[in-house]
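Subject: Structure for you to look at

Dear colleague,

I am passing on a structure that I would like you to open beside this message. Please keep it in view while you read my notes.

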Amino acid sequence: MRARLLGLALLFPFWASSQSLKPADIFGSGMVLQQKSAASVWGRALPNAKVEVVASWGAKVSSISDGQGAWKVAIKTPKAGGPYQITIKSGKESVSLSDVLVGEVWVCSGQSNMEMTLAGWPPVDTIRNSAKEIGEAKYPNLHFFTVGRCFSGDKQEGLKGSWMACSPQTAKTLSATAYFFGRKLQKELKVPVGLIVTAWGGTAAEAWVAPAFIKQHPDYANVLEGYPKAIKQQEEYAKWLATHPKVVLSSTLPEEERWKNLDFGDAQYASAAYNDTQWKSMMLPRSFESETGDFDGVVWFRRTISISKEDALKPALLNLAKIDDMDRVYVNGTLVGATETLGAWQVQRKYAIPEGVLKEGDNVIAVRVVDNSGGGGIWGDSDMLSVGIGEKKIALDGSWKYLPIAQLKDGAFYLFDDAEFAVRPKLDVAIGPNSPAMLFNGMVNPLIPFTIKGAIWYQGEANIGRAEQYCTLFPLMVESWRKSWGIGSFPFYYTQIAPYAYSGVANRESAYIREAQRRALATPNTGMAVTMDIGSVKTIHPSNKVDVGDRLARLALAGSYGKGVAANGPLFKGATFGNGKAVVEFSYSDGLKITGTATDEFEVAGADGLFVPAEAKAVAGRVEVYSAKVPNPSLVRYGFRNGSSSILSNGAGLPASTFTTEKVLK
C-alpha cells in the first residue's frame, strides 16, 4: 500500500514537471549550503544535455546529463555568508534559487523526541516555555527543511518539504530539539545554520538503516527478500480499499478541530440493543495491533457489565485507562465523554456517568477509538480500567468485543461493513514505517549526497526490550549513513533516551537501551548527550528540549568546531574489584560528585549476578561502591532503573551516563 504510494515518489518522481530541468527536491530558495566545501548539486534534465550551475559568489560549474537525464555537479562554496543566488541552466531552460545562505548544515533525525515541535503536543506532551520560545524565535539566518513522512520498499529520489527561515510565525512547526541545537550553534559560530529535519515518531532504528547494510545484520539478513511480495499485496489492498466509501479529514480546519464529531455512519454500535455476538474478542488493556496487525483507523470496543438496582442509583465514574489516540464513549447508548484532539494518548480517561444512565441488570459500555498513527487502543495499567460506584469498583480489564470499522490512509477514513475487515485481502508480511530500511529509502536517500557537516539523532524508545541487538544495530545505521553519503565519517551526535516508566519505575528495559547507547560511543566521531537529569518518568517526551539541544550543540562545538566548551558528563571507563568494593573510573571526571542517596542508583553484585543497592563515595575522581551484603563484588552498575534519577555529575554540572559492567544486555 503506502510503501510505494505514501510519498507519491514513484508516481511523481522529483523531476516530473512541464519543465525538463529540475534540481532535486532538497534544493530550493532559502536553502543553506555547507561553507568551504565542494557542495553536491544534482537533478534531472533532458538526456545528454549540458547543465550549468552558476552561483552569485562567483563559482560556475557544468556537467552533461546521462542517458536518463540525471546530472550532478560539485560547486565550491565560500566561507559563511549570503544571501546569494544560484542559477541552473540547460539549453533554453533555467531555474533560479534565491536567498541562498552558506554556513553550517546538519541533518536532524530520529523518532518523536526529534520530531516534536516547539508548539509541543498538548495537553500532556508540552515544550517548556513554548509560547515564550516561539515568540522570541527571530533568527533569519537559521533555516529549516522538514522532510515529509514517507516509507518505501525502494530507494526514493523525491521528497516533500521546503526551506523556511526561523521566525515567530514559522517556529511552532519546527523541531524543538533541532531548533535549540541550531540556535546554540548560530550564537556561538555566528554563521548561517541549515537544519534538515527527517524524523518520524515511534519508529525503530532498523527502519533508518540503508538496505545494503541492514542485510549485514544477522537478525535482518533475509528480511528484504519478502518486500516485493509484500509491496504487491499492499498495492492490491490499496485498490480494494479505494472501492469503499470514505470520510475525508478537513484540510481547512485547525489540527485540533478536524478530529471532532466525525461521523462514520456507525451510531448503531453505541446502542445497548446492538447484537455484537459475531464480533471477535480482545483482552484489554493492550494495543489493538496485537489483534488487527498494522492498522490506523477506527475500532469499536464493547463490554457488558451487570449492575444491581441499588448501585444503578448511585453516582458512577468510568475509568478507561489511556486511549491512543482519541475516543467517544457511550453507556447504554448515551454519550458520557469524548476526547477528540491529538496529543492525549497518555491521558487517563475518566468520565462521570450521568444519573439515570445506569440501570438494573446489563449495561453496555461502547468505546469508539480513533488511532491516527502508530499503536492504538485502550492501554495502560489494568487497575485503571474500571467503573467506580460509591466505594465499589467493577473491574473492566479482560475480554472486550471489538470491530474495526474504518481505516485511515492519506487523510481519509475508508469505511468497512461489519464483516469486511475479517475478509479483507491477505497481507502475508506487514510492512510499514518500522520495517527495516523503509525510512532510509523514503526519508534519507533523497537527501544524499547533499553536503552536510554532520548529523544529530534522538531515538531509541522504539527499540526498548532489544538492547543487545541495539548494540550492533545502531552503529550499523551510523555506518550505513556515512558510507551512503560518501563524505567520510562525518560527526554523528545523539541523545541518550531519558528515564521513563515504560513498564514501571523499578523495571530496567530503558536502562539497558541507555547502556547500549553508551557503548555505541566506541563508534568513531560520535558523541552522546546524556539526559538523566532532565527527563520525567511520567512522560516519554520530556518538556526540557532546551538542554537537549544545548548539549548536542556542545558536542558539536567541542568535537567539530574546536571550541573549548564542556560537552560531556562523567563516562564510565572501567572498574576494578577488590577489598570488598568496586572502584569505578570515568572520563570527564574533574569535579566528580555525588548529590543524593547513593543506594538509590548504585548497585553491586557478586558471582551470583544478583544486584543489591550499594553505598558509594567519590574519591579523587573515582567512585568507590560497596555493600555489606556483597563481600566480594564482581559487577557494578549505576542509574539502572526505568525511573532512575541523576545523582552523579562532574564540575561542569553535566550528568553521568547509566552504566553496567554486565557483558550481555537484556
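This is a predicted model: local features need pLDDT of at least 70, side-chain atom pairs count only at pLDDT 80 or more; totals for chains, interfaces and linings use all residues.

Residues are numbered from 1 along each chain as its sequence is written, and side-chain values use heavy atoms, with hydrogens and water left out.

I begin with strand β24 (398-409), where strands are DSSP runs of E with at least two residues, helices are runs of H or I with at least four, and both are numbered from the N terminus. Of the 12 residues in β24, 10 are buried, a word that stands for under 20% relative accessible area with a 1.4 Å probe and protein chains only. Strands count as paired if DSSP finds at least two bridges between them. β24 pairs in the antiparallel sense with β13 (residues 280-284) over five bridges, and Met 283 has Ser 399 of β24 as its bridge partner. β24 also pairs in the antiparallel sense with β15 (residues 297-307), over six bridges, where Trp 300 stands opposite Leu 403.

β24 leads on to the second largest pocket, as the largest share of its lining, three residues, comes from this strand. The pocket has a volume of about 350 Å³, which is the space filled by probe spheres set on grid points joined across faces, edges and corners. On a 1 Å grid over the protein atoms alone, a pocket is an open set of points where a 1.4 Å probe fits, with protein on both sides within 12 Å along at least five of seven lines, and lining residues have an atom within 4 Å of a point. Among the 23 lining residues, those closest to the centre are Gly 293, Asp 294, Phe 295, Arg 424 and Leu 427.

Lastly, there are 40 aromatic pairs, counted where ring centres of Phe, Tyr or Trp (its six-membered ring) lie within 6.5 Å, with planes under 30 degrees apart called stacked, over 60 edge-to-face and the rest tilted. The rings of Trp 481 and Phe 492 are edge-to-face, because their planes stand at 70 degrees, with centres 5.8 Å apart. Trp 481 is buried at 1% relative accessibility, and Phe 492 is buried at 0%.

Best wishes

Note on methods
Buried means under 20% relative accessible area, exposed over 50%, partly exposed in between (1.4 Å probe, protein chains only).
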